[in-house]
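Here is a short report on one protein chain. Its parts are taken one at a time, from single residues to the whole fold.

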Amino acid sequence: MARDNISQVTEFILLGLSDTRELQLLFFTLFLLAYAMVLLGNLLIIVTVRTDPKLSSPMYFFLCNLSFIDICYTSVTAPRVLVALLSGHKAIAFEGCMAQLFFLHFVGSSEMFLLTVMAFDRYTAICRPLHYTAIMARGACWALVGACWAGGFIHSTVQTLLTLQLPFCGPNTIHSYFCDVPPVIRLACTDTALTEGLMASNSGLISLGCFLVLVASYVLILAKVRARLSQGRWKALSTCASHVMVVTLFFVPCIFTYLRPPGTLPSDKYVCVIYTILSPVMNPLIYTLRSNEVKESLWRLCKRCRA
């Protein structure tokens, strides 16, 4: 059935974070700085990993892919938010809203799967060091990254199709600064209990499932290193600490957003800032500050650029 036959809404109004002009300018400044940090920080990581042969291990291969995903993920929402904050134009076309929803879940779920793969990489490096090279061969790494993107595409397609089949014929005001499944389906002109349940079982359980797998991998790593702590294992464990920080920033707000009972809470849109803006900002800072190899490579890259 064509969309025009089931929906009369041609655009949505994104209310954003505040109606106060002074706060809008403050949010614009903060979002602009955050977006610039995401772009510059993650691009710097990508260039550093790609140009330094010493950073050829699977861990840095996945880190490079994580940086690329973070750039894509933030770019789905940040540019439009900045334009809206500066111009005051809050309307977004129906098609644009659905496209934003699709790419948000496509890239976001791909990042969830990639973070889970990175936890598996650290588990293999620490708990099975003798088999690490064979297990995490270059071909296997590419296959795992491809599986992350494929899983993200399937998840996002399901979410978008479930949203598109709903009729939108009345309210068009979204209490957020971007289009996402929970606030959009609340505007449907029908009972959405079943759809909300399907959405929760999709986004919510994926978030919770990946998070539990990550927690389990850390428990196994801690149990392994407790009995045998060498310098190399302490180094790998230190890397896991940075991974834990990223996971906490990203997964906990997602679980809160997609698994909580239906209903609008005033803090919803502010919780979204954590996993759409703050987490991508923190990723390059956490990984560069916690990794001596990356810091040394960055220093060599700076010296080459000044030469």
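Threonine 48 counts as buried, at 2% relative accessibility. Buried means under 20% relative accessible area, exposed means over 50%, and partly exposed lies in between, with a 1.4 Å probe and protein chains only. Threonine 48 sits in helix H1. Helices (H or I, at least four residues) and strands (E, at least two) are DSSP runs, numbered from the N terminus. Beyond its neighbours within four places in sequence, threonine 48 is in contact with Leu55, Val294, Ser297, Leu298 and Leu301. Contact means heavy atoms within 4.5 Å.

Leucine 55 belongs to the loop between H1 and H2. Leucine 55 is buried too, at 3% relative accessibility. With neighbours within four places left aside, its contacts are Thr48, Val49, Tyr60, Glu293 and Ser297. Leucine 55 and valine 294 are 239 residues apart along the chain, yet their C-alpha atoms are separated by 7.7 Å.

## Model and conventions

This is a predicted model; local features need pLDDT of at least 70, side-chain atom pairs count only at pLDDT 80 or more, and totals for chains, interfaces and linings use all residues. Residues are numbered from 1 along each chain as its sequence is written, and side-chain values use heavy atoms, with hydrogens and water left out.

## Overall fold

The protein chain has 10 helices and three strands. Along the sequence they follow the pattern β-α-α-β-α-α-α-β-α-α-α-α-α. Of its 307 residues, 50% count as buried. Take the contacts between residues at least 6 apart in sequence: 81% of them join residues at least 24 apart.

The chain exposes about 14500 Å², and carbon and sulfur atoms supply 70% of that area. Accessible areas come from the Shrake-Rupley method with a 1.4 Å probe; for residues, only the protein chains shown count as cover.

## Nonpolar cores

The largest nonpolar core holds 59 residues, and Phe31, Phe62, Leu114, Phe250, Phe251 and Tyr275 touch the most other members. At least two residues of this core come from each of H1, H2 (58–87), H3 (94–127), H5 (138–164), H7 (193–227), H8 (231–259), H9 (268–290) and H10 (292–306). H2 gives the largest share, 15 residues. A nonpolar core is a set of buried Ala, Val, Leu, Ile, Met, Phe, Trp, Tyr and Cys residues joined through side-chain atoms within 4.5 Å.

A second, separate core has 19 residues, including Val181, Ile185, Ala188 and Met199.

## Salt bridges

The count comes to two salt bridges. A salt bridge is a side-chain nitrogen of Lys or Arg within 4 Å of a carboxyl oxygen of Asp or Glu. One joins lysine 90 to aspartate 19, with the closest N and O atoms 3.0 Å apart. Lysine 90 lies in the loop between H2 and strand S2 (91–93), and aspartate 19 in the loop between strand S1 (11–14) and H1, so the pair ties together parts that are 71 residues apart in sequence. Lysine 90 is partly exposed, at 22% relative accessible area. Aspartate 19 is exposed, at 62%.

Aspartate 19 and leucine 85 are 66 residues apart in sequence and 9.7 Å apart in space, C-alpha to C-alpha. Arginine 122 forms a salt bridge with aspartate 121, again with the closest N and O atoms 3.0 Å apart. Are these two residues buried or exposed? Arginine 122 and aspartate 121 are both buried.

## Surface patch and annotated segments

Leu23, Leu26 and Leu30 make a nonpolar surface patch of about 250 Å². Patches are made of residues with over 30% relative accessible area and no salt bridge: like charges are joined within 9 Å, nonpolar side chains (Val, Leu, Ile, Met, Phe, Trp, Tyr) within 5 Å. Leucine 30 lies in H1 (residues 21–51). Leucine 30 is partly exposed, at 46% relative accessibility.

An unreviewed UniProt entry lists "transmembrane region" for several segments, among them residues 25–47 and 59–78. UniProt positions are given in the numbering used here, feature names are shortened, and annotations may be inferred rather than shown by experiment. Residues 25–47 are 100% helix and 0% strand, with end C-alpha atoms 33 Å apart. Residues 59–78 are likewise 100% helix and 0% strand, with end C-alpha atoms 28 Å apart.
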